[in-house]
Amino acid sequence: MDEQTFLVNRERAVDYLNSLDKVFVNDQFLNWDPENRIKVRIVSARAYHSLFMHNCIRPTPEELEEFGTPDFTIYNAGQFPCNRYTHYMTSSTSIDLNLARSEMVILGTQYAGEMKKGLFSVMHYLMPKRRILSLHSGCNMGKDGDVALFFGLSGTGKTTLSTDPNRYLIGDDEHCWAETGVSNIEGGCYAKCIDLSREKEPDIWNAIKFGTVLENVVFEEHTREVDYADKSVTENTRASYPIEYIPNAKIPCVGPHPKNVILLACDAFGVLPPVSKLNLAQTMYHFISGYTALVAGTEEGVKEPRATFSACFGAAFIMMHPTKYAAMLAEKMLKHGATGWLVNTGWSGGSYGSGSRIKLAYTRKIIDAIHSGSLLKAEYRKTEVFGLEIPTEVEGVPSEILDPVNTWSNKLGYSDTLMKLAGLFKNNFETFTDHKIGKDNELTEEILAAGPNF
(Lines give C-alpha, C1' and ligand atoms only; values in the text may rest on other atoms or scores of the structure.)
Protein backbone atom coordinates (compact mmCIF):
# COMPACT_ATOMS: atom_id res chain seq x y z
CA MET A 1 0.00 0.00 0.00
CA ASP A 2 1.08 3.61 -0.28
CA GLU A 3 1.73 6.14 2.49
CA GLN A 4 -1.62 7.87 1.92
CA THR A 5 -3.59 4.64 2.49
CA PHE A 6 -1.61 3.92 5.65
CA LEU A 7 -2.47 7.38 7.01
CA VAL A 8 -6.18 6.93 6.19
CA ASN A 9 -6.20 3.62 8.13
CA ARG A 10 -4.16 5.09 10.96
CA GLU A 11 -6.59 7.99 11.37
CA ARG A 12 -9.54 5.60 11.33
CA ALA A 13 -7.94 3.46 14.08
CA VAL A 14 -6.94 6.46 16.23
CA ASP A 15 -10.41 8.06 15.86
CA TYR A 16 -12.01 4.80 16.98
CA LEU A 17 -9.67 4.47 19.99
CA ASN A 18 -10.35 8.13 20.89
CA SER A 19 -14.10 7.46 20.91
CA LEU A 20 -13.83 4.87 23.70
CA ASP A 21 -14.27 5.56 27.42
CA LYS A 22 -11.23 3.43 28.23
CA VAL A 23 -8.20 2.18 26.30
CA PHE A 24 -5.38 -0.06 27.49
CA VAL A 25 -1.74 0.99 27.06
CA ASN A 26 1.24 -1.33 27.54
CA ASP A 27 4.79 0.01 27.56
CA GLN A 28 7.10 -2.96 27.14
CA PHE A 29 10.47 -4.14 25.81
CA LEU A 30 11.45 -6.60 23.09
CA ASN A 31 14.72 -8.55 23.51
CA TRP A 32 16.32 -9.51 26.84
CA ASP A 33 19.70 -8.23 25.61
CA PRO A 34 19.82 -4.79 27.33
CA GLU A 35 22.12 -3.38 24.63
CA ASN A 36 19.66 -4.15 21.84
CA ARG A 37 16.22 -3.99 23.33
CA ILE A 38 13.40 -2.15 21.59
CA LYS A 39 10.80 -0.05 23.44
CA VAL A 40 7.23 -0.71 22.27
CA ARG A 41 3.90 0.89 23.12
CA ILE A 42 0.69 -1.04 22.46
CA VAL A 43 -2.60 0.89 22.51
CA SER A 44 -5.59 -1.44 22.43
CA ALA A 45 -9.34 -1.38 22.94
CA ARG A 46 -9.58 -4.71 24.78
CA ALA A 47 -8.22 -5.92 28.09
CA TYR A 48 -7.62 -9.31 26.44
CA HIS A 49 -5.18 -7.78 23.93
CA SER A 50 -3.42 -5.87 26.69
CA LEU A 51 -3.01 -9.02 28.81
CA PHE A 52 -1.80 -11.00 25.79
CA MET A 53 0.91 -8.39 25.08
CA HIS A 54 1.86 -8.43 28.75
CA ASN A 55 3.98 -11.37 27.58
CA CYS A 56 6.47 -9.05 25.95
CA ILE A 57 9.19 -8.11 28.48
CA ARG A 58 7.75 -6.25 31.46
CA PRO A 59 9.71 -3.18 32.60
CA THR A 60 10.35 -2.59 36.31
CA PRO A 61 8.50 0.38 37.91
CA GLU A 62 11.75 2.40 37.63
CA GLU A 63 12.16 1.52 33.93
CA LEU A 64 8.52 2.49 33.30
CA GLU A 65 9.12 5.82 34.99
CA GLU A 66 11.95 6.58 32.55
CA PHE A 67 10.41 4.83 29.52
CA GLY A 68 10.24 7.99 27.39
CA THR A 69 9.31 7.82 23.70
CA PRO A 70 8.75 4.29 22.37
CA ASP A 71 10.73 3.00 19.36
CA PHE A 72 7.59 1.43 17.92
CA THR A 73 3.82 1.87 18.47
CA ILE A 74 0.85 -0.41 17.75
CA TYR A 75 -2.67 1.01 17.39
CA ASN A 76 -4.97 -1.99 17.79
CA ALA A 77 -8.51 -1.01 16.77
CA GLY A 78 -9.31 -4.57 15.77
CA GLN A 79 -13.02 -4.40 16.64
CA PHE A 80 -13.46 -1.67 14.05
CA PRO A 81 -13.28 -2.54 10.32
CA CYS A 82 -11.23 -0.69 7.74
CA ASN A 83 -13.19 1.05 4.99
CA ARG A 84 -13.41 -1.39 2.09
CA TYR A 85 -13.53 1.47 -0.41
CA THR A 86 -10.10 2.71 0.69
CA HIS A 87 -7.42 2.12 -1.95
CA TYR A 88 -5.71 -1.34 -1.66
CA MET A 89 -8.33 -2.75 0.73
CA THR A 90 -9.67 -6.15 -0.35
CA SER A 91 -11.73 -6.90 2.80
CA SER A 92 -12.70 -5.30 6.10
CA THR A 93 -9.47 -6.56 7.68
CA SER A 94 -6.15 -4.73 7.37
CA ILE A 95 -2.88 -5.09 9.28
CA ASP A 96 -0.48 -2.33 8.24
CA LEU A 97 3.18 -2.04 9.15
CA ASN A 98 5.00 1.21 8.43
CA LEU A 99 8.75 0.94 9.07
CA ALA A 100 9.46 4.60 8.29
CA ARG A 101 6.94 5.78 10.90
CA SER A 102 7.64 2.84 13.29
CA GLU A 103 3.93 2.18 13.58
CA MET A 104 1.50 -0.69 13.15
CA VAL A 105 -2.26 -0.30 12.64
CA ILE A 106 -4.78 -3.13 13.12
CA LEU A 107 -8.35 -2.91 11.82
CA GLY A 108 -11.01 -5.59 11.41
CA THR A 109 -9.40 -8.54 13.24
CA GLN A 110 -9.24 -9.38 16.94
CA TYR A 111 -6.65 -12.15 16.60
CA ALA A 112 -4.09 -11.18 19.26
CA GLY A 113 -1.27 -13.01 17.46
CA GLU A 114 -1.14 -10.21 14.84
CA MET A 115 0.60 -7.98 17.41
CA LYS A 116 3.12 -10.65 18.45
CA LYS A 117 4.00 -11.55 14.86
CA GLY A 118 3.94 -7.92 13.68
CA LEU A 119 6.61 -7.06 16.25
CA PHE A 120 8.55 -10.20 15.30
CA SER A 121 8.58 -8.98 11.66
CA VAL A 122 9.90 -5.62 12.85
CA MET A 123 12.73 -7.42 14.69
CA HIS A 124 13.55 -9.32 11.47
CA TYR A 125 14.12 -5.92 9.87
CA LEU A 126 15.87 -4.00 12.68
CA MET A 127 18.19 -6.67 14.09
CA PRO A 128 20.05 -7.75 10.89
CA LYS A 129 20.87 -4.04 10.36
CA ARG A 130 22.81 -4.31 13.66
CA ARG A 131 24.44 -7.58 12.49
CA ILE A 132 22.21 -9.52 14.89
CA LEU A 133 20.41 -12.60 13.59
CA SER A 134 16.67 -12.84 14.37
CA LEU A 135 15.45 -16.43 14.68
CA HIS A 136 12.07 -18.17 14.67
CA SER A 137 13.23 -20.89 17.06
CA GLY A 138 12.98 -22.43 20.51
CA CYS A 139 16.07 -22.30 22.73
CA ASN A 140 17.27 -24.07 25.87
CA MET A 141 20.47 -24.48 27.88
CA GLY A 142 22.03 -27.40 29.74
CA LYS A 143 23.46 -27.30 33.27
CA ASP A 144 26.94 -26.83 31.75
CA GLY A 145 25.90 -23.80 29.71
CA ASP A 146 25.53 -25.59 26.36
CA VAL A 147 22.83 -23.87 24.31
CA ALA A 148 20.67 -25.50 21.59
CA LEU A 149 18.40 -23.80 19.04
CA PHE A 150 15.30 -25.61 17.74
CA PHE A 151 13.83 -24.62 14.37
CA GLY A 152 10.63 -26.14 13.10
CA LEU A 153 7.24 -25.32 11.64
CA SER A 154 3.95 -26.00 13.41
CA GLY A 155 3.54 -29.60 14.56
CA THR A 156 7.23 -30.56 14.40
CA GLY A 157 7.75 -30.57 18.19
CA LYS A 158 9.62 -27.27 18.67
CA THR A 159 7.86 -26.26 21.93
CA THR A 160 7.71 -29.84 23.27
CA LEU A 161 11.43 -30.53 22.67
CA SER A 162 12.70 -27.14 23.87
CA THR A 163 10.66 -27.45 27.12
CA ASP A 164 12.89 -30.08 28.74
CA PRO A 165 12.74 -30.66 32.54
CA ASN A 166 16.51 -31.34 32.58
CA ARG A 167 17.43 -28.05 30.88
CA TYR A 168 16.77 -24.35 31.36
CA LEU A 169 14.24 -22.79 28.99
CA ILE A 170 15.50 -19.57 27.38
CA GLY A 171 12.41 -19.28 25.17
CA ASP A 172 9.98 -21.20 22.97
CA ASP A 173 9.59 -19.11 19.82
CA GLU A 174 11.58 -15.93 19.04
CA HIS A 175 15.28 -15.22 19.60
CA CYS A 176 18.23 -13.04 18.64
CA TRP A 177 21.84 -14.22 18.17
CA ALA A 178 24.24 -11.34 18.77
CA GLU A 179 27.98 -10.93 19.41
CA THR A 180 27.43 -11.75 23.08
CA GLY A 181 25.21 -14.83 22.64
CA VAL A 182 21.48 -15.55 22.39
CA SER A 183 18.53 -13.70 23.91
CA ASN A 184 14.78 -14.25 23.91
CA ILE A 185 12.76 -11.49 22.19
CA GLU A 186 9.69 -12.13 24.38
CA GLY A 187 8.80 -12.44 28.04
CA GLY A 188 6.30 -15.26 27.62
CA CYS A 189 5.40 -18.50 25.82
CA TYR A 190 2.63 -19.38 23.37
CA ALA A 191 1.93 -23.10 23.59
CA LYS A 192 -0.58 -25.25 21.72
CA CYS A 193 -2.95 -26.86 24.22
CA ILE A 194 -5.01 -29.28 22.14
CA ASP A 195 -5.25 -32.58 24.11
CA LEU A 196 -3.11 -31.08 26.86
CA SER A 197 -2.76 -33.28 29.93
CA ARG A 198 -0.91 -33.04 33.24
CA GLU A 199 0.85 -36.36 32.51
CA LYS A 200 2.13 -35.52 29.01
CA GLU A 201 3.25 -31.91 29.52
CA PRO A 202 3.25 -31.05 33.24
CA ASP A 203 5.16 -27.76 32.84
CA ILE A 204 2.68 -26.31 30.35
CA TRP A 205 -0.27 -27.70 32.35
CA ASN A 206 0.95 -26.01 35.54
CA ALA A 207 1.64 -22.73 33.71
CA ILE A 208 -2.08 -22.32 33.05
CA LYS A 209 -3.19 -20.24 36.04
CA PHE A 210 -4.28 -16.68 36.81
CA GLY A 211 -2.56 -14.35 34.33
CA THR A 212 -2.55 -16.90 31.47
CA VAL A 213 -4.61 -16.23 28.35
CA LEU A 214 -6.43 -19.22 26.82
CA GLU A 215 -7.56 -18.88 23.21
CA ASN A 216 -10.15 -20.87 21.21
CA VAL A 217 -10.70 -23.38 24.03
CA VAL A 218 -14.12 -24.72 24.99
CA PHE A 219 -15.10 -24.52 28.66
CA GLU A 220 -18.07 -25.23 30.91
CA GLU A 221 -19.46 -21.77 31.65
CA HIS A 222 -20.63 -22.39 35.23
CA THR A 223 -17.58 -24.26 36.56
CA ARG A 224 -15.09 -22.72 34.07
CA GLU A 225 -13.68 -26.20 33.60
CA VAL A 226 -11.72 -26.31 30.31
CA ASP A 227 -12.07 -29.27 27.93
CA TYR A 228 -8.68 -29.43 26.18
CA ALA A 229 -9.80 -32.34 23.99
CA ASP A 230 -12.65 -30.33 22.43
CA LYS A 231 -11.62 -29.18 18.95
CA SER A 232 -15.09 -27.97 17.85
CA VAL A 233 -13.81 -24.37 17.42
CA THR A 234 -10.40 -25.27 16.01
CA GLU A 235 -7.42 -27.55 16.70
CA ASN A 236 -5.31 -24.42 17.13
CA THR A 237 -6.06 -23.85 20.82
CA ARG A 238 -3.42 -21.83 22.64
CA ALA A 239 -2.13 -20.78 26.03
CA SER A 240 -0.14 -17.57 26.39
CA TYR A 241 1.67 -17.23 29.72
CA PRO A 242 4.64 -15.36 31.26
CA ILE A 243 7.88 -17.35 30.93
CA GLU A 244 8.41 -17.33 34.71
CA TYR A 245 5.39 -19.67 34.98
CA ILE A 246 7.76 -22.41 33.70
CA PRO A 247 9.75 -23.60 36.76
CA ASN A 248 13.10 -24.07 34.97
CA ALA A 249 12.96 -20.89 32.89
CA LYS A 250 16.26 -19.02 32.78
CA ILE A 251 15.62 -15.43 33.91
CA PRO A 252 16.98 -13.18 32.42
CA CYS A 253 16.33 -15.13 29.20
CA VAL A 254 19.83 -14.95 27.73
CA GLY A 255 22.55 -17.54 27.12
CA PRO A 256 25.98 -18.08 25.57
CA HIS A 257 26.56 -18.93 21.87
CA PRO A 258 24.70 -22.08 20.70
CA LYS A 259 26.58 -25.37 20.36
CA ASN A 260 23.82 -27.13 18.41
CA VAL A 261 21.40 -25.93 15.75
CA ILE A 262 18.56 -28.47 15.40
CA LEU A 263 16.26 -28.30 12.37
CA LEU A 264 13.05 -30.25 12.99
CA ALA A 265 10.92 -31.71 10.19
CA CYS A 266 7.82 -33.86 10.55
CA ASP A 267 8.34 -35.89 7.37
CA ALA A 268 5.03 -37.64 6.63
CA PHE A 269 6.62 -39.20 3.51
CA GLY A 270 8.76 -41.31 5.88
CA VAL A 271 12.04 -41.08 3.94
CA LEU A 272 14.13 -38.66 6.01
CA PRO A 273 16.32 -40.29 8.71
CA PRO A 274 15.38 -39.75 12.39
CA VAL A 275 18.66 -37.81 12.74
CA SER A 276 21.40 -36.56 10.39
CA LYS A 277 24.52 -34.51 11.04
CA LEU A 278 24.73 -31.60 8.60
CA ASN A 279 27.74 -29.75 7.24
CA LEU A 280 27.53 -25.95 6.99
CA ALA A 281 26.25 -25.86 3.39
CA GLN A 282 23.60 -28.51 4.17
CA THR A 283 22.50 -26.55 7.26
CA MET A 284 22.01 -23.46 5.07
CA TYR A 285 20.18 -25.48 2.39
CA HIS A 286 17.72 -27.01 4.88
CA PHE A 287 17.36 -23.71 6.79
CA ILE A 288 16.40 -21.88 3.58
CA SER A 289 14.09 -24.74 2.58
CA GLY A 290 12.25 -24.85 5.94
CA TYR A 291 10.57 -28.18 5.18
CA THR A 292 7.89 -30.15 6.92
CA ALA A 293 5.05 -32.35 5.58
CA LEU A 294 1.45 -32.15 6.66
CA VAL A 295 -0.94 -35.03 6.51
CA ALA A 296 -3.41 -34.13 3.79
CA GLY A 297 -6.74 -33.84 5.56
CA THR A 298 -8.59 -36.46 7.54
CA GLU A 299 -10.93 -37.72 4.83
CA GLU A 300 -11.05 -41.47 4.32
CA GLY A 301 -8.69 -42.81 1.71
CA VAL A 302 -6.47 -39.70 1.64
CA LYS A 303 -3.03 -41.07 2.31
CA GLU A 304 -0.94 -38.57 0.43
CA PRO A 305 1.15 -36.20 2.59
CA ARG A 306 1.61 -32.58 1.52
CA ALA A 307 5.04 -30.93 1.63
CA THR A 308 5.26 -27.42 3.10
CA PHE A 309 8.27 -25.15 2.72
CA SER A 310 8.67 -21.94 4.73
CA ALA A 311 11.98 -20.12 4.20
CA CYS A 312 14.09 -19.79 7.39
CA PHE A 313 11.24 -21.61 9.19
CA GLY A 314 9.35 -18.30 9.22
CA ALA A 315 8.65 -17.01 5.69
CA ALA A 316 5.70 -14.92 6.91
CA PHE A 317 7.94 -12.75 9.11
CA ILE A 318 11.24 -12.33 7.29
CA MET A 319 11.83 -8.91 5.73
CA MET A 320 14.94 -9.59 3.64
CA HIS A 321 15.93 -12.31 1.19
CA PRO A 322 16.18 -15.73 2.97
CA THR A 323 19.81 -16.14 1.89
CA LYS A 324 20.71 -13.04 3.96
CA TYR A 325 19.59 -14.77 7.19
CA ALA A 326 21.13 -18.09 6.11
CA ALA A 327 24.53 -16.46 5.45
CA MET A 328 24.42 -14.81 8.90
CA LEU A 329 23.53 -18.15 10.52
CA ALA A 330 26.43 -19.89 8.75
CA GLU A 331 28.87 -17.13 9.75
CA LYS A 332 27.86 -17.39 13.42
CA MET A 333 27.91 -21.21 13.43
CA LEU A 334 31.37 -21.22 11.87
CA LYS A 335 32.71 -18.60 14.28
CA HIS A 336 31.37 -20.33 17.41
CA GLY A 337 31.81 -23.96 16.31
CA ALA A 338 28.12 -24.94 16.31
CA THR A 339 26.93 -28.20 14.70
CA GLY A 340 23.84 -28.46 12.49
CA TRP A 341 21.40 -31.38 12.80
CA LEU A 342 18.29 -32.43 10.88
CA VAL A 343 15.83 -34.36 13.07
CA ASN A 344 12.76 -36.05 11.58
CA THR A 345 9.90 -36.25 14.10
CA GLY A 346 7.55 -37.70 11.44
CA TRP A 347 7.05 -41.13 9.91
CA SER A 348 9.16 -44.27 9.69
CA GLY A 349 8.57 -47.60 7.91
CA GLY A 350 6.45 -46.02 5.20
CA SER A 351 4.56 -42.81 4.46
CA TYR A 352 1.53 -41.66 6.44
CA GLY A 353 -1.09 -44.40 6.23
CA SER A 354 1.36 -47.32 6.01
CA GLY A 355 4.25 -46.39 8.32
CA SER A 356 4.00 -45.10 11.89
CA ARG A 357 5.17 -41.94 13.61
CA ILE A 358 8.61 -42.10 15.23
CA LYS A 359 8.12 -42.49 18.98
CA LEU A 360 8.59 -39.27 20.95
CA ALA A 361 10.71 -41.27 23.43
CA TYR A 362 13.20 -42.10 20.61
CA THR A 363 13.30 -38.46 19.44
CA ARG A 364 14.01 -37.37 23.03
CA LYS A 365 16.90 -39.89 23.22
CA ILE A 366 18.31 -38.46 19.96
CA ILE A 367 18.03 -34.89 21.30
CA ASP A 368 19.71 -36.00 24.57
CA ALA A 369 22.60 -37.51 22.56
CA ILE A 370 22.99 -34.22 20.66
CA HIS A 371 23.02 -32.21 23.92
CA SER A 372 25.53 -34.51 25.64
CA GLY A 373 27.90 -34.45 22.66
CA SER A 374 27.92 -38.27 22.41
CA LEU A 375 26.37 -38.14 18.92
CA LEU A 376 29.40 -36.24 17.62
CA LYS A 377 31.55 -39.27 18.46
CA ALA A 378 29.29 -41.76 16.63
CA GLU A 379 30.21 -43.53 13.41
CA TYR A 380 28.49 -42.07 10.35
CA ARG A 381 27.59 -43.16 6.85
CA LYS A 382 26.13 -41.22 3.92
CA THR A 383 22.63 -41.70 2.47
CA GLU A 384 21.67 -41.76 -1.21
CA VAL A 385 20.11 -38.74 -2.95
CA PHE A 386 20.08 -36.28 0.01
CA GLY A 387 23.69 -37.14 0.97
CA LEU A 388 22.92 -36.99 4.70
CA GLU A 389 25.37 -38.27 7.34
CA ILE A 390 23.51 -40.74 9.56
CA PRO A 391 24.84 -42.36 12.76
CA THR A 392 25.05 -46.17 12.91
CA GLU A 393 23.88 -46.15 16.53
CA VAL A 394 22.27 -43.89 19.13
CA GLU A 395 21.90 -44.98 22.75
CA GLY A 396 18.31 -45.99 23.54
CA VAL A 397 17.18 -46.00 19.88
CA PRO A 398 16.79 -49.21 17.80
CA SER A 399 19.63 -49.11 15.23
CA GLU A 400 17.49 -50.40 12.36
CA ILE A 401 15.29 -47.27 12.34
CA LEU A 402 18.28 -44.91 11.89
CA ASP A 403 18.38 -45.65 8.14
CA PRO A 404 14.81 -45.27 6.80
CA VAL A 405 15.31 -47.79 3.98
CA ASN A 406 15.59 -50.61 6.55
CA THR A 407 12.13 -49.88 7.93
CA TRP A 408 10.27 -50.02 4.59
CA SER A 409 9.10 -53.48 3.49
CA ASN A 410 8.44 -52.07 0.01
CA LYS A 411 11.94 -51.00 -1.15
CA LEU A 412 10.71 -49.83 -4.55
CA GLY A 413 8.09 -47.68 -2.83
CA TYR A 414 10.85 -46.19 -0.67
CA SER A 415 12.99 -45.25 -3.71
CA ASP A 416 10.02 -43.69 -5.52
CA THR A 417 8.97 -41.66 -2.47
CA LEU A 418 12.56 -40.53 -1.83
CA MET A 419 12.88 -39.28 -5.42
CA LYS A 420 9.50 -37.59 -5.18
CA LEU A 421 10.49 -35.67 -2.02
CA ALA A 422 13.87 -34.76 -3.54
CA GLY A 423 12.00 -33.34 -6.55
CA LEU A 424 9.78 -31.23 -4.28
CA PHE A 425 12.89 -29.83 -2.53
CA LYS A 426 14.50 -29.05 -5.88
CA ASN A 427 11.42 -27.26 -7.27
CA ASN A 428 11.02 -25.23 -4.08
CA PHE A 429 14.68 -24.17 -4.06
CA GLU A 430 14.59 -22.85 -7.63
CA THR A 431 12.98 -19.65 -6.34
CA PHE A 432 16.17 -18.80 -4.40
CA THR A 433 18.84 -19.57 -7.01
CA ASP A 434 18.69 -16.16 -8.71
CA HIS A 435 20.08 -14.51 -5.57
CA LYS A 436 23.86 -14.35 -5.47
CA ILE A 437 25.73 -14.57 -2.17
CA GLY A 438 29.39 -14.94 -1.30
CA LYS A 439 32.43 -13.81 -3.24
CA ASP A 440 31.95 -14.58 -6.96
CA ASN A 441 28.71 -16.34 -6.03
CA GLU A 442 30.64 -19.30 -4.53
CA LEU A 443 28.31 -19.61 -1.52
CA THR A 444 25.22 -19.99 -3.73
CA GLU A 445 26.96 -22.81 -5.64
CA GLU A 446 27.98 -24.50 -2.38
CA ILE A 447 24.43 -24.36 -0.97
CA LEU A 448 22.95 -25.71 -4.21
CA ALA A 449 25.39 -28.61 -4.18
CA ALA A 450 24.22 -29.46 -0.65
CA GLY A 451 20.72 -30.26 -1.89
CA PRO A 452 19.46 -33.61 -3.23
CA ASN A 453 21.64 -35.14 -5.94
CA PHE A 454 19.83 -37.15 -8.62
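Which residues is Phe 386 in contact with, leaving aside its neighbours within four places in sequence? They are Leu 272, Gln 282, His 286, Leu 418, Leu 421, Ala 422, Phe 425, Ala 450 and Pro 452, where contact means heavy atoms within 4.5 Å. The model is predicted, and local features need pLDDT of at least 70, side-chain atom pairs count only at pLDDT 80 or more, and totals for chains, interfaces and linings use all residues. Residues are numbered from 1 along each chain as its sequence is written, and side-chain values use heavy atoms, with hydrogens and water left out.

Phe 386 belongs to the largest nonpolar core, which has 69 residues. Within this core, Tyr 241 and Phe 386 touch the most other members. A nonpolar core is a set of buried Ala, Val, Leu, Ile, Met, Phe, Trp, Tyr and Cys residues joined through side-chain atoms within 4.5 Å. Buried means under 20% relative accessible area, exposed means over 50%, and partly exposed is in between, for a 1.4 Å probe and protein chains only.

Leu 272 leads on to Asn 344. The side chain of Asn 344 has a polar atom 2.9 Å from the backbone oxygen of Leu 272, and a polar atom of this side chain is 2.6 Å from the backbone nitrogen of Gly 346. Asn 344 is in strand S21 (residues 339–344); helices (H or I, at least four residues) and strands (E, at least two) are DSSP runs, numbered from the N terminus. Asn 344 counts as buried because its relative accessibility is 2%. Not counting residues up to four places away in sequence, Asn 344 touches Ala 265, Cys 266, Asp 267, Leu 272, Pro 273, Pro 274 and Ile 358.

Another asparagine, Asn 31, is in the loop between strand S1 (24–30) and strand S2 (38–44). Asn 31 has a relative accessibility of 2%, so it counts as buried. Its side chain and that of Ser 183 are joined by a polar contact of 2.6 Å. A polar contact is a pair of N or O atoms within 3.5 Å; within protein, one must be able to donate a hydrogen and the other to accept it, and residues adjacent in sequence count only if both atoms are side-chain atoms. Leaving aside neighbours within four places in sequence, the contacts of Asn 31 include Met 123, Met 127 and Cys 176.

Ser 137 is in strand S6 (residues 133–141). This serine counts as buried because its relative accessibility is 0%. Ser 137 and Leu 149 are 12 residues apart along the chain, and their C-alpha atoms are separated by 6.3 Å. Leaving aside neighbours within four places in sequence, Ser 137 is also in contact with residues including Phe 150, Lys 158 and His 175.

The structure holds five cavities of 30 Å³ or more, and the largest cavity has a volume of about 130 Å³. Of the 14 residues that line this cavity, the closest to its centre are Phe 52, Asn 55, Cys 56, Lys 116 and Glu 186. On a 1 Å grid over the protein atoms alone, a cavity is a set of points where a 1.4 Å probe fits but cannot get out, and a pocket is an open set with protein on both sides within 12 Å along at least five of seven lines; lining residues have an atom within 4 Å of a point. Grid points are joined across faces, edges and corners, and a volume is the space filled by probe spheres set on the points. Strand S11 gives the most to the lining of the largest cavity, with three residues.

The second largest pocket holds about 350 Å³ of space. Its lining includes Tyr 48, Leu 51, Thr 212 and Arg 224.

Some backbone details remain. Most residues other than glycine have a negative phi, and most peptide bonds are trans. Asp 195 is not a glycine but has a positive phi of about 60°; at 33% relative accessibility, Asp 195 counts as partly exposed. Cys 312 also has a positive phi, near 60°, and counts as buried because its relative accessibility is 4%. A cis peptide bond, with omega about -5°, joins Ile 251 and Pro 252.
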